[in-house]
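Hi there,

Here is the structure I promised to pass on to you. Please have a look at it first, and then read on for my notes.

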Amino acid sequence: MASTSAHSEGAELGRYLRARRTQTSPEHAGLTVGAGIRRTPGLRREELATLAGISIDYYVRLERGKETRPSPAVLDSLARALHMDDQEHQHLRELAARAARYVCEPPPAPSRTVRPHLKLLVESLRPNPAYVISRSMDMLAWNPGGLALYAGLEDWPAKHRNLARYLFLHPAARGLFPDWDRQITACVARLRTIAGTAPDAPDLTNLVGELLLKSPDFAGLWERYEVTGRKPAHKTFQHPQVGTVTLTSQSLHIEGTPGQRIGVYTAEPDTPDHDALLLLDMTAPRPTGRPAATAKSTGQPR
């Protein structure tokens with residue numbers, strides 16, 4: 001059982017290395033490319049092994065998931081050769097550490113329970129849109145504006161309300177975000193980061209499996225295996241009820257929870273953007289924080 005798990009974790013490390021290798025051009029790595037057609041996108045395995053100062057056989061074993069205990073020096077050399085930034089380098093270290101631990105059983109899905117005082121906190125932030133989300137971006141609790149800001153999300157039953165699912169599968173999402181391409185890139189990078197160190201967690205595998213099946217955009221970004229792409233501090237919405245509004249976003253980790261976060265959007269008082277938040281708060285349905293028995297079925301994922 002342990003060897004099977006170790007191979008699975010090593011395969012995740014190998015997938016990450018391969019994705020970074022195929023997206024690193026020889027020119028970016030400092031290599032001179034001769035004339036002729038290269039059949040391999042990015043660097044060849046032997047080129048990366050040479051740049052990192054390791055044998056080609058050892059690197060092939062790493063990429064195929066058969067070697068699960070690379071030394072810190074090898075990881076650092078690979079990161080330098082692939083020009084990884086700090087976040088990508090740290091993700092490489094975390095994958096290697098997980099591969100070496102021989103984890104046998106997948107972790108259980110984290111609890112979706114939101115403590116009552118957190119629901120009160122979210123409600124007290126009105127008229128600022130606010131919500132509690134899980135590590136896999138399930139919306140667990142919200143105030144009126146927090147749900148209404150994502151136009152059409154209320155059409156889905158509460159258990160299906162997930163911001164990643166919304167971005168890729170809801171027909172209103174592309175029109176809501178002028179920078180939709182940037183939003184989905186950051187979204188996938190976040191999920192990739194989490195799934196890389198918990199690849200068998202059911203809350204993540206179920207969501208990722210659904211999106212891989214239903215969204216070619218998601219599948220393409222997932223294959224790239226990028227773990228950078230943080231969302232911008234300011235986000236513009238082209239909202240069908242309140243018009244174009246630009247808000248400052250903030251995400252706060254909630255201590256003592258299984259990866260839950262509070263998301264909040266704010267605008268300066270006495271501005272058109274703040275007036276739009278007031279209107280959104282006044283016209284949105286009152287939340288219950290629980291799945292609504294009368295939720296609409298329009299656009300419901302299946």
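This is a predicted model: local features need pLDDT of at least 70, side-chain atom pairs count only at pLDDT 80 or more; totals for chains, interfaces and linings use all residues.

Residues are numbered from 1 along each chain as its sequence is written, and side-chain values use heavy atoms, with hydrogens and water left out.

First, the overall picture. The protein holds 13 helices and 5 strands; these are DSSP runs numbered from the N terminus, with helices being H or I of at least four residues and strands E of at least two. Of its 302 residues, 49% are buried, where buried means under 20% relative accessible area, exposed means over 50%, and partly exposed lies in between (1.4 Å probe, protein chains only). The protein exposes about 14,900 Å², and carbon and sulfur atoms supply 53% of that area; accessible areas come from the Shrake-Rupley method with a 1.4 Å probe, and for residues only the protein chains shown count as cover. Among contacts (heavy atoms within 4.5 Å) with a separation of 6 or more, 62% are between residues 24 or more positions apart.

Now to the sheet. The 5 strands form an open, antiparallel sheet in the order β2-β1-β5-β4-β3; two strands count as paired if DSSP finds at least two bridges between them. β2 (139–142) and β3 stand at the edges with a single partner strand each, so one side of each has no neighbour in the sheet. On average, neighbouring strands are turned by 30 degrees against each other, direction ignored. Axes here are lines fitted to C-alpha atoms, for helices over the stretch in contact, and angles run from 0 to 180 degrees between N-to-C directions.

Strand by strand, β3 (residues 234–239) and β4 (residues 243–253) pair over 6 bridges and form a hairpin with 3 residues between them. Within that pair, His234 is opposite Thr248 in β4. β4 is also joined to β5 (residues 261–266) by 6 antiparallel bridges, with Ser249 facing Tyr265 and Gln250 facing Val264. β5 in turn pairs with β1 over 4 bridges, where Tyr131 stands opposite Gly263. As for cover, 5 of the 6 residues of β5 are buried.

Helix α6 (residues 116–124) lies across β1 (130–133), β2 and β5, running at about 150 degrees to β1. Helix α13 packs on the sheet too, touching β3, β4 and β5, and its direction makes about 80 degrees with that of β4.

Met282 counts as exposed because its relative accessibility is 64%.
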